[in-house]
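Please load the model and keep the selection panel at hand. The tour below goes from one selection to the next.

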Amino acid sequence: PEAAVDTSRQSLENVQVWPSTSGQHRKRLVDLCAVLRSKNAGINELTYDFLFDSRPWYEAVKHSGLLASAEVARLLGIAPARVLGCYFTDVIPAIKITVDREPFAGDHGDRDVFGAQQYSRLLGLEIPVDGA
């Protein structure tokens, strides 16, 4: 049998945050990602995917600290316990965030049954980057 993967090593909680300076340039997350999307991960979870075609921009987002669990909870306006994980992969420069979904997909009051519009709350997030 295949051994279980230890995802804690790929958690954004374990990434060193790079210090930012007051004069540092900032770019919107939507301008740094090749793909930025959200979708259901079952009926009770949402996943946010951030895929990059630029290694420096991926590293800037990864080390910004702005996609760690506490900050994601603040940005999405949810309780920190609802953020299930914030992960990265260096092989394909990508970040994935999974959160509890309320309401469940298709439940009374759900206005986005596929979860495909939830990413819009993160589009304007400004990331400190070197250069312009």
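Is arginine 37 buried, partly exposed or exposed? In this predicted model, arginine 37 has 37% relative accessibility and so counts as partly exposed.

Aspartate 49 is buried, at a relative accessible area of 4%. Since aspartate 49 belongs to strand E3 and arginine 37 to strand E2, the pair ties together parts 12 residues apart in sequence.

Four strands form an open sheet in the order E2-E3-E5-E4, with antiparallel pairing. Strands E2 (35–40) and E4 (83–89) stand at the edges with a single partner strand each, so one side of each has no neighbour in the sheet. From one strand to the next, the twist averages 10°.

Select E3 (residues 45–51) and E5 (residues 94–100), an antiparallel pair with seven bridges. Glutamate 45 has aspartate 100 in E5 as its bridge partner.

Next, display helix H2 (residues 55–62), which packs on the sheet and touches E4 and E5; its direction makes about 35° with that of E5. Helix H3 (residues 69–76) also packs on the sheet, touching E3, E4 and E5, and its direction makes about 120° with that of E4.

Finally, pick lysine 62 and aspartate 90, whose side chains meet in a salt bridge (2.8 Å, N to O). Lysine 62 lies in helix H2 and aspartate 90 in the loop between E4 and E5, 28 residues apart. Lysine 62 counts as buried at 9% relative accessibility, whereas aspartate 90 is partly exposed at 35%.

Conventions. Residues are numbered from 1 along each chain as its sequence is written. This is a predicted model: local features need pLDDT of at least 70, side-chain atom pairs count only at pLDDT 80 or more; totals for chains, interfaces and linings use all residues. Side-chain values use heavy atoms; hydrogens and water are left out. Two strands pair if DSSP finds at least two bridges between them. Helices (H or I, at least four residues) and strands (E, at least two) are DSSP runs, numbered from the N terminus. Axes are lines fitted to C-alpha atoms, for helices over the stretch in contact, and angles run from 0 to 180 degrees between N-to-C directions. Contact means heavy atoms within 4.5 Å. Buried means under 20% relative accessible area, exposed over 50%, partly exposed in between (1.4 Å probe, protein chains only). A salt bridge is a side-chain nitrogen of Lys or Arg within 4 Å of a carboxyl oxygen of Asp or Glu.
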